[in-house]
Amino acid sequence: MPAPEQHRLIFKHIGADGYTNDLACYQRNGGYEVLKKAVLRKPEDLMDEVKKSGLRGRGGAGFSCGVKWSLVDRKSGKPIYLVVNADESEPGTFKDRYIIYQDPHQLIEGIMISCFANRVERAFIYIRGEFPDGARILERAIAEARAAGFAGPNVLGTGYGCEVYVHRGAGAYICGEETGLIESLEGKRPYPRIKPPYFPAVLGLYMCPTIVNNVETLCHVKHIADMGGEAYSRIGTPGNTGTRILCVSGHVRRPGYYEFEVGRVTLGQLLNEVCGGPLPGRTFKAVIPGGSSAKVLRFGERYKGKRKVGAEMVEYDWGVEDIPMDFDSLAMIGSMGGSGGVIVMDDSVSMVEALGNINAFYSHESCGQCTPCREGSLWMKKITARMVRGEARPEDGALLKSVADQIAGRTICAFGEACAWPTQSFIAKFGEEFKGYAQARRTPRPDGVPELV
Amino acid sequence: MNLQADTLRKIDEVITHYPVKRSAALPLLHYVQEDQGYISSEAIEWIAARLEVQPVNVYELVTFYPMFRQKPIGRRHIKVCRTLSCAIMGGYRTCSEFQRQFSTGLGEVSPDGEVTVDFVECLASCGTAPVVMIDDELYEKVDVAKARALSEKIKAGAPIAAGKT
Amino acid sequence: MIQPAATDLITVNIDGKEIAVPKGTNVIEAARRVDVDVPFYCYHPKLAIVGNCRMCLVEMGMPAVDPATKAPVMDPATGRQRINWSPRPTIACATNVSPGLHIRTTTPMVKECREGVMEFLLINHPLDCPICDQAGECKLQEQSTGYGRGYSRFIEQKNVKPKRTLLGPRVMLDDERCILCSRCVRFSKDIAKDDVLGFTDRGSYTTLTCYPGRRLENNYSLNTVDICPVGALTSTDFRFKMRVWFLKQTNSIDTESSAGANTVVWSREGAIYRITPRQHDGVNDTWMADSGRVLYKQVRDPGRLVSVRVAGAESAVEFALRAASELFAKGGVAVVGSGRSSVEEQFLTRRLADAAKAGTWLVSRVGMGDGLLISADRNPNVRGALVTGLIAALPSPTLDSLGAEIDSGAVRTVVSVGEDLEAAGLTAAQLARVAVIYLGTHADATSAAARIVIPTLTVFEKHGTLVNQQFRIQRFFKAVPGIVGATDDLTVLAGLVAAAGGRSMGTDVGTLWPAIAAGVPALATMDFGNIPDSGLLIDGAPWAGLPFAEGPALHFKPTAQQEAARG
């Protein structure tokens, strides 16, 4: 079956000729009309639309946005904060960048609608430090929006006010974790908080109820407010509604960003048709479908079982190419939808070295607060680094897996899983490569194959 | 602290964004580093006093976040992404080329004082790997040849066209 | 003891044992009560909970209920309500008891969690045990023995970090040993209110440090050494001096102020090596001030009095008492007691004053309280003097009224129980006009000028009780034998009572207390043997109107009356 057309909902204007990131251009294209209508509705109605829409977070966890909003403590009397997670740092992910740089007002409109729906009066956009121009673009866009009455102390004359501030990070992946982000925003070392009791919806920023949402998620809120939650929920597939932006990188002919209805494109269609297939003379070997934290898939493996379609249980027997790119399917076959960062590796890549690269990333980014992740991530990195540059023993694969098993599920935050899953899945699926690496290393590296560690 | 008037103005303004002063730590560190080129211990104590926290509270941040440096760097800061997507597309070779061009190791000031070359983690532009940031600008698809070309431009003092995002 | 059926007790099940504990108790404390040991590093009952060591991971389950009807779901195998065990372990320190909570600590999952955490803590830990002061009281040693795997699989290079950093005058830091539990950081910030410690860098390279140029030198810095679970923070005073398993522990009380912090004195073969705090949730929690820890050095101080002297010549106690008796017979005796004496000594001092028909004085020592464990009253036992009737009003800092009586000739003999009369305001001339009988531990101007000098014991060399600012009577015990040449204070005082013609009194706490209980109404129900380690609160009402100097501090608030009296 041929791949469907892209459904450019969020990315409608990204890369479009002549589209600029200023307010005038945004308004010429219908910008802020949705906000104008939204502020005339009851905030509870807007929250309801989001619930009906089935929107799931696009930052990586895929948690229901409607449920997240409903958990906010609205009885404490404390101010409610909205924090926009613009810390896009999950390897393989590059979507929020384009929204921020090319269509910032879509984000701001989404923010303002979400703030209005949740009675938020102060919002922060936590943007990663490596997007300095992005921060400047956002600040300018906010200033434009304020001047036009779309943000600020009196939105569109309704008396409702909300200030939005840009806050720059400084190079820490852990600031993408919601409680790490909150600690960083408070001016402290970004050590994630223990949950319970510090659920952001109850004890978040400054110990006040806080909503942390991804950039893309908030843009979806704007469209949900526009078309209604019901209509939005009919886009995509049941339980995996709307569209999502897939970011494909690595060994494909046409890497880049592609927006599809969730679950309507398979991994095979995406990589072979949309992205043009493997590079000349190469074959696909492995793919990480949801950012480097997701478990790797090996081309050639099969996934079998039963899944719910409508009211029935239906058998499935899939190869990698057959997997629909939605949260539930990817979780079902043992990986995850995550942030949509699809990293493709072909037969030129040594999985040991690829894991060495991933382990170096996680050990560098570990905040160091809790024992398993702090010590375990560095240990795994030292093992793979030794395998690549020093002595590789056949039992190192089993040792790596054993170390990873001691991390996942034992840590304060999901970084434990994030650093353990790559190791666990690489060893599970490519175990023979780890066993035979000492031997394989003796063959000289072909010219075009770069080092990864 | 010899900060420019504009920096001081921005610092005064940004502190008003937060109900708790300490939150302004990262913005102040960015402003001071942009003004002075790096964060000195005098700056740490000045920022701590300004935010009414202890110097160790600011020092903890400076050493945690890789974007803050406590020593001056070369005139240009070349940051090469080394995470998976860029690495499998040749990021390590790009970095080696920059180092070769300026005869410098990682994290040092090159002998001619022009550059500091550093590895950084994923810059969120994996579709156009290998990716390099030079100061605030992003450069895409920087293979060895393009790295050479960029280095030539830096040495010639010519402006370098940014990659479009 | 039968627990009263209070409504805020919650019943939980730990390893099959049921226990009811107050609401707000965490699982570590609840488990302790049923003798289940849950290991931990970063948890401390007096510090904020951070949950970062992950050593206290346990299995948690809640009783299963039908989501719709809320009816309990039964387990056919056991006939009891089924327990839904969570697939993920949970940290016990951050889990507070809730009705129906079930905890398992002996399952394979918990065993693996503990082995995993122990392995992770040890991979970068230096093999310093042979040279590390913490050996013998090190949680890493204890818990790796109890819960570790027993062998290492780590063949990489360990992290290298700064060793032997002098953090402050009393604390040495070894960053390689540090397990980053953050207890010291939390203590310095929240308890000592000196936010000077922090973590630098990131991940496994994170390093504990003081801000460069600053030092950890506040008067509570050694508490970080106490609470450090490993040998990262160690005491410079105790460094390399003694292995802890050779040391005997004796309960004592810090005498530097009326706070009465509970302590432990560690000694071996008659020498004291260090003092550490003893937990008392009603007095000092688990803390004490650094300045109280060095007091043991007075025991072997070169200025220690070691020979009885009468009229300048070396003598013996027997002759000293005879000489005292002759002086008493002439009348005109004054007794200067001490706020540093024990209750027992003050009781005998009072008997002496009665027998010698002498007036009594005390010297006050008032300074700035630090709001924590050093109160404004630097005498540890002024209240003991009030309770025993030795004095009726609070003492003044100088002995002006005594000086006047000396000048007028009314006083011809002064007995001083450990007080330097010159430091207390008497002039050399006044001292020269009287015969001084001096009981004391260290040489000073008075001991040099005294007619009779009888060396006595420091608080570390005898038993006794002291009454702190809370009017709590607390016991201290003899840690080391008295220095040769000194005599127990009770023996000397009883001898002086007899020399003044008074009744014969007991000369040790056991034989003396019946007389104390009989003679002091506030202590009527007590006996040295039946005062618990946590002390007993005395009713302070009879002295409620006195202007005590102490201000608010840890576990102490002056009454409104006292606040008013202080002005």
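**Ground rules.** I number residues from 1 along each chain as its sequence is written, and chains are lettered from A and ligands numbered from 1 in the order in which they are written. Because the model is predicted, local features need pLDDT of at least 70 and side-chain atom pairs count only at pLDDT 80 or more, while totals for chains, interfaces and linings use all residues.

**Entry 1, chain A.** I found 5 of its 6 residues buried, so β8(A) is largely enclosed by the rest of the structure. Buried means that 20 or more other C-beta atoms, placed from the backbone, lie within 10 Å of the residue's own; exposed means 12 or fewer, and partly exposed is in between. Strand β7 (residues 243-250) of chain A runs antiparallel to β8(A), and 6 bridges join them. Two strands pair if DSSP finds at least two bridges between them. I noted R244(A), whose bridge partner in β8(A) is F260(A). The two strands, β7(A) and β8(A), form a hairpin with 5 residues between them.

I checked the length of helix α2 (residues 25-36) of chain B. Its 12 residues should span 16 Å at 1.5 Å a residue, and its end C-alpha atoms are 16 Å apart, which agrees. The expected span is 1.5 Å times one less than the number of residues. Its buried residues include L26(B), L29(B) and Y31(B). They pack against β3 (163-168) of chain A, and also against α1 (5-15), α3 (41-51) and α4 (55-64) of chain B. Packing rests on contact, which means C-beta atoms, placed from the backbone, within 7 Å. After α2(B) comes G37(B), with a positive phi near 95°.

**Entry 3, chain C.** I found an open sheet of 3 strands in the order β24-β25-β26 (chain C), with antiparallel pairing. Strands β24 (464-467) and β26 (536-537) of chain C stand at the edges with a single partner strand each, so one side of each has no neighbour in the sheet. Strand β25 (residues 472-476) of chain C pairs with β26(C) over 2 bridges. In β26(C), L537(C) is the bridge partner of R472(C).

Notes:
Helix = DSSP H or I, 4+ residues; strand = E, 2+ residues; numbered from the N terminus. Contact = placed C-beta atoms within 7 Å.
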